[in-house]
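Visitor: I am new to this one. Please show me the structure, and then let me ask about it.

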Amino acid sequence: MINAILYAPEYRPNMSSMIRSAEFYGMKKIYIYDKNNLLSPPNNKTSRADMNHLARVWTAGAINHIEIEIIKDPITFLKNYKGRKIATLVNEESTELNQFKFQENDLILFGSEKEGLEQDAIEIMDASVYIPAIGHTPCLNVAVTFGVIVHQALRALA
Ligand SMILES: C[S@@+](CC[C@H](N)C(=O)[O-])C[C@H]1O[C@@H](n2cnc3c(N)ncnc32)[C@H](O)[C@@H]1O
């Protein structure tokens with residue numbers, strides 16, 4: 001099975017959607033570098049309601065069936081990860097998704113909505129992959145990217 005890390009997601013709906021897709025595709029665990037504290041909001045009524053909403057509606061209950069491992073120090077985690085580390089980049093110099101050969105235990109990184117992946121992380125990647133655009137829009141939403149890439153990786157490894 002492949003693995004995935006959500007690298008500093010900024011929006012709870014996107015993060016939830018990726019958790020939902022990961023569980024849908026049978027992943028038992030997902031790593032999250034929760035730099036923006038989406039999973040540990042302040043303990044007030046609105047935040048608690050948001051978290052319930054996240055579990056029940058946005059992840060459609062998926063959050064109850066997948067382990068979420070929160071990564072505090074992503075660079076150390078990445079350096080110690082045993083498989084290959086694959087960045088998803090909005091960069092035409094990366095390998096096109098259709099040409100990319102996934103392997104079991106690959107860890108796929110998905111960047112944050114505004115900034116993408118941090119340079120420190122990009123520097124320790126084993127490879128990078130991108131989905132080429134046909135239209136004029138420069139990039140995809142990160143949660144859409146997640147679905148496309150995980151689907152393709154699992155199909156190739158089946
Ligand atoms: C909206 S993009 C980030 C945009 C940022 N300005 C950049 O250039 O990285 C958020 C994340 O979605 C993923 N992504 C979006 N479009 C992609 C594409 N065409 N190919 C590969 N990954 C993509 C990547 O993980 C990226 O870090």
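Visitor: Which residues of H1 are buried?
Guide: This is a predicted model, where local features need pLDDT of at least 70, side-chain atom pairs count only at pLDDT 80 or more, and totals for chains, interfaces and linings use all residues. Residues are numbered from 1 along each chain as its sequence is written. Helices (H or I, at least four residues) and strands (E, at least two) are DSSP runs, numbered from the N terminus, and a residue is buried if 20 or more other C-beta atoms, placed from the backbone, lie within 10 Å of its own, exposed if 12 or fewer, and partly exposed in between. The buried residues of H1 are Asn14, Met15, Ser16, Ser17, Met18, Ile19, Arg20, Ser21, Ala22 and Glu23.

Visitor: Why is H1 called largely enclosed by the rest of the structure?
Guide: The cover over its buried residues includes S1, S2, helix H2 (45-58), S6 and H5. H1 is largely enclosed because, of its 13 residues, the number buried is ten.

Visitor: At what angle to S1 does H1 run?
Guide: H1 (residues 12-24) packs on the sheet and touches S1, strand S2 (29-33) and S6. Contact means C-beta atoms, placed from the backbone, within 7 Å. Axes are lines fitted to C-alpha atoms, for helices over the stretch in contact, and angles run from 0 to 180 degrees between N-to-C directions. The direction of H1 makes with that of S1 an angle of about 175°.

Visitor: In what order do the strands of the sheet lie?
Guide: Two strands pair if DSSP finds at least two bridges between them. Here seven strands form an open sheet with parallel pairing. Strand S3 (67-70) and strand S5 (95-96) are the edge strands, each pairing on one side only. The order is S3-S2-S1-S6-S4-S7-S5.

Visitor: How many bridges join S1 to S6?
Guide: S1 (residues 3-7) and S6 (residues 107-110) run parallel. Asn3 stands opposite Leu107, and Ile5 faces Leu109. The number of bridges is four.

Visitor: Which residues of S6 point the other way from Leu107 and Leu109?
Guide: In a regular strand the side chains alternate between the two faces of the sheet. In S6, Leu107 and Leu109 point one way, and all of the residues on both sides are buried. Those pointing the other way are Ile108 and Phe110.

Visitor: Which residues does Ile149 touch?
Guide: Ile149 lies in helix H5. With 24 other C-beta atoms within 10 Å, Ile149 is buried. Leaving out residues up to four places away in sequence, Ile149 touches Thr88, Leu97, Ile108 and Val129.

Visitor: Is Ala60 buried or partly exposed?
Guide: Ala60 sits in the loop between H2 and S3. Its phi is near 50°, a positive value in a residue other than glycine. Ala60 has 15 C-beta neighbours inside 10 Å, so it counts as partly exposed.

Visitor: What is the phi of Ala8?
Guide: Most residues other than glycine have a negative phi. Ala8, in the loop between S1 and H1, is buried, with 22 other C-beta atoms within 10 Å. Its phi is positive, near 60°.

Visitor: Which residues are closest to the ligand?
Guide: A residue is near a molecule if its C-beta atom, placed from the backbone, lies within 6 Å of it. In all, 14 residues surround the ligand. The closest are Thr88, Gly111, Gly116, Cys139 and Val142.

Conventions:
Contact = placed C-beta atoms within 7 Å.
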